[in-house]
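Me: Can you walk me through this model? I'd like to go over charges, the pocket and the rings.

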Amino acid sequence: MKLILIVLVVILLLAVVVLWRPGNNFRAQKPTDYADTLPVFDPQVHLNGPIESEGVIYGLDGRVVSRFVARMSGTWDGLNGTLREEFTYARGGQQVREWALSFDDTGALTATAPDIIGTATGQLSGATLSMRYKIKLEDDAGGHVLDVTDWLYLAPNGVIVNRSEMRKFGIKVAELVATMRPAEAAK
């Protein structure tokens, strides 16, 4: 009986190691994984003008802890742009964030916003835009600093699906899934 228990524990540990390998998770995606995907994500087109968004935030246990709608507006001057986001949460809270975005001719991104610590970095690739950054939550949300991995996937109809994973001390504490589309398409 003791041998069977040891074998089961070893099998369980091996399963955990295999499933938790760095290459088997959301953060392991690389821009090159999407280099040949279409349509090509063009921020001056797809993050331009008025944008409607709605989404959910999942907590540590996988349950929805927050829902939101957002109005966004993107403006561009060449490869430099501003994306203003105005969030309204289901519980009545509101939040505004204004990103300053800058792309180079290779599609590399740097971005700043008031609640972003340092500079966000990212990359355009095929139908995707990826970003990594540290965000400081508002005090009423705990004031925590989280590491964010953020991916935007452009669908063939022009809708953007946004998936973000937030970690603290390397542990996933939240995930966001949202859609973004031109405001005219929302009617």
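The chat below takes those topics in turn.

Me: What should I know before reading the values?
Reply: This is a predicted model, where local features need pLDDT of at least 70, side-chain atom pairs count only at pLDDT 80 or more, and totals for chains, interfaces and linings use all residues. Residues are numbered from 1 along each chain as its sequence is written, and side-chain values use heavy atoms, with hydrogens and water left out.

Me: How many salt bridges does the count come to?
Reply: The count is 13 salt bridges. The rule asks for a side-chain nitrogen of Lys or Arg within 4 Å of a carboxyl oxygen of Asp or Glu.

Me: Which residue does Asp147 form a salt bridge with?
Reply: Lys134, with the closest N and O atoms 2.5 Å apart. Asp147 lies in strand S8 (residues 145-154) and Lys134 in strand S7 (residues 128-136), so the pair ties together parts that are 13 residues apart in sequence. Strands here are DSSP runs (E, at least two residues), numbered from the N terminus.

Me: Are Arg63 and Asp61 buried or exposed?
Reply: Both are exposed. The cut-offs are relative accessible area under 20% for buried, over 50% for exposed, and partly exposed in between (1.4 Å probe, protein chains only). Arg63 and Asp61 form a salt bridge too, at 3.1 Å between the closest N and O atoms.

Me: Which residues are linked with Arg84 in a network of salt bridges?
Reply: Glu86 and Glu98. The closest N and O atoms of Arg84 and Glu86 are 2.9 Å apart.

Me: Pocket next. Which residues lie nearest the centre of the largest pocket?
Reply: Ile57, Tyr89, Gln95, Arg97 and Leu176, out of 47 lining residues. A pocket is an open set of points on a 1 Å grid over the protein atoms alone, where a 1.4 Å probe fits, with protein on both sides within 12 Å along at least five of seven lines; lining residues have an atom within 4 Å of a point.

Me: And the rings: how many aromatic pairs does the structure hold?
Reply: Eight. Rings of Phe, Tyr and Trp (its six-membered ring) pair if their centres lie within 6.5 Å; planes under 30 degrees apart count as stacked, over 60 as edge-to-face and the rest as tilted.

Me: Why is the pair of Trp76 and Phe103 tilted?
Reply: The planes of Trp76 and Phe103 sit at 40°, so the pair is tilted, with centres 6.0 Å apart. Trp76 is in strand S2 and Phe103 in strand S4, 27 residues apart. Both are buried.

Methods
Helices (H or I, at least four residues) and strands (E, at least two) are DSSP runs, numbered from the N terminus.
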